[in-house]
Amino acid sequence: MSTSLSAKTPQIAVRTVDLGKTFGKGEGTVHALKGVNFEALCGELLMIVGPSGCGKTTLLSVICGTLGHDTGSVTVFGQDLAQLSSGKLTAFRGKNVGFVFQQFNLIPTWNAVENVSVPLLLNGSSTADAQSASAELLHDVGIGDKLHALPTELSGGQQQRVAIARALVHKPRLLICDEPTAALDAASGRKVLELIKTRVCSPERCVIVVTHDSRIFPFADRIAEMEDGQMKAVHSAGEWKALYV
Amino acid sequence: MLRLALKMLFGDRAKYGMLVCGLSFCALLMSQQTSVFCGLLLWTTATVRNIRVPIWVADSKVEQANEVVSMREIEVQRVRSVPGVQWAVPLFWGIQQARLPDGTFQAIQLTGLDGASLVGRPAIMRSGRIEDLRLPNAVIVDQVAISKFAKRGIQLKIGTVFEINDKEARVVGICETQRSFLGQPYVFTTYSRALEYAPPQRKLLSFILVQPKPEQDPAALVRRISQCSGLRAFESDTFSWGTLMWYVRNTGIPISFGTVVLLGLVVGIAIAGQTFYLFVHENMRFLAALKAMGATFQVLAQMVLLQAFTVGFIGYGIGVGIAAIFGNLVLQKGEPPFYMPWQILVFTGGVILIICSLSAAVGLVKVARTEAAMVFK
Ligand SMILES: Nc1ncnc2c1ncn2[C@@H]1O[C@H](COP(=O)(O)OP(=O)(O)O)[C@@H](O)[C@H]1O
Ligand SMILES: [Mg+2]
């Protein structure tokens, strides 16, 4: 599986060093991240797994800059996020990061094309350009016949495809997926991962998928195990198989 | 993005409808009520507008145009002698009882014009000639008289005879006037005959109407007349304005209308503000998703503001439109009063703008507070 990690040293997409994050003060303090160290590489599909509440979502939020961290550092494509002003950070995220959420978060009153076009519009494309690029991508992910359907007129799997198209349309180098299959049945979940594996993964792109859906583990290049706010271990796909399957 | 912002708004039929209804209602209530208020106030100055002379002189105790404190007739001579006065003529103006042919009574505003000049004559004659006022027992009545008499089954026309304080009055003409506050018809006659109609009193002169000399500054003349005669002189604009303000200060009219307008404001803010808050609140996770995807606060703010002002604009249009249609209908009937100067449109627009700004501000505070990270929840 880890063929993309070939002789040439791959570029590091995300690196965290002793990353710490706490929520709340006093008695209610929650140490969500307790010094997380890990790297994600361009060209790989990295899965982050671990029990509920171990800090996976928090880690993702910090990596993509929607949540600030308290200690340590996080670097994305060589850029230390702490160095960016909030405006620059938003722009950086808009340009470099794509999101696939557990609750697809498609805007209910917008049709598929309109939903997909949002990242392009936010990056300054014209409506016409954004819509034609979006329509093309929707064809690519297999729902070219649903361009003008509202999210409510689509099945869960189709909605997640729209969400994936939206995450990809502006060609981000980092794709972040938080439990992308949690709201889907097994078959749709598999299809979504197949789509990610075949259409999304590319040598210059890093895909990070947080999940606890063991059915999709086989799609990973590496699997990072989190526990209680720390990175317990990072396995290659082969090691993981040997250990747990 | 802005096009999509509108789609987001229009797509949410229920809230969009609610917002537009609330704002329309608010705009309607405010523009309609202020127009009725202005119309009502305008009625109070009907006499000033009907008589149309530059300067009015009255007893020093008079504060407004519907109040008569009679003066001695000699005052006309004294005013005439003030330098800068081109001419000055007497006016009798008072509420009298007319007795109709069927024996019932009707209050009228008896207006006695200077017989030689007929200064203060009605602007529009529907039929008859104003000069016929000089015939014996002649009066000219207005359109209000026609409709009031018609309600009692009497067709007022040239030649109709009725009585004012037991003395005969014969209609020689029909004119058009601006309706007065109490809605009593104007009955014009000459000054000297008006004194015959009115019950005998020591003083009967109601007002002195003055024209300044061509090169004379009216304001200065007003001051000079007041000084020289001890009477109170007004320019007609100040007189109208003073009359309006007198009613504003001394009657419950502003309070009752103010209450309704305030109610409109409160209802508008409550409905629009709350619905808009709900709208933003329910779209929060989507706004947060947009934020995560790189939408800056400015972009989101533009979207929210556009949404707020769009419903405001539509609501304003509908509300003011309905008020205007209402106005059009009632103006044909003449009642209730209705006067919608452009200031009312601006005022209503301003209030709607404020409501929308407040609603948007509430929404924006929420948007600003949203952690983009909430989309992962
Ligand atoms: N906004 C927050 N405020 C307070 N505590 C939080 C917040 N977000 C997460 N936490 C806490 O941080 C810990 C890690 O949460 P999370 O990253 O969502 O876990 P996971 O995604 O692995 O299930 C949990 O104990 C959670 O209760
Ligand atoms: Mg989670």
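A salt bridge is counted here when a side-chain nitrogen of Lys or Arg lies within 4 Å of a carboxyl oxygen of Asp or Glu. By this rule, two salt bridges span the interface of chain A and chain B in this predicted model. In one of them, the side chains of Glu114(A) and Arg3(B) come together at 3.4 Å, N to O.

With contact taken as heavy atoms within 4.5 Å, 29 residues from chain A and 26 residues from chain B take part. The two chains bury about 2300 Å² between them, 69% of it on carbon and sulfur atoms; buried area is the accessible area (1.4 Å probe) lost on putting the two parts together, summed over both. In chain A, Asn105(A), Trp110(A) and Leu122(A) lose the most area to chain B, together 24% of what that side buries.

As for confidence, the model scores ipTM 0.85 and pTM 0.81. Chain B has an average pLDDT of 91, and 99% of the residues score at least 70, where pLDDT is the predictor's confidence in each residue, from 0 to 100.

Local features need pLDDT of at least 70 and side-chain atom pairs 80 or more, whereas totals for chains, interfaces and linings use all residues; side-chain values use heavy atoms, without hydrogens and water. Residues are numbered from 1 along each chain as its sequence is written, and chains are lettered from A and ligands numbered from 1 in the order in which they are written.
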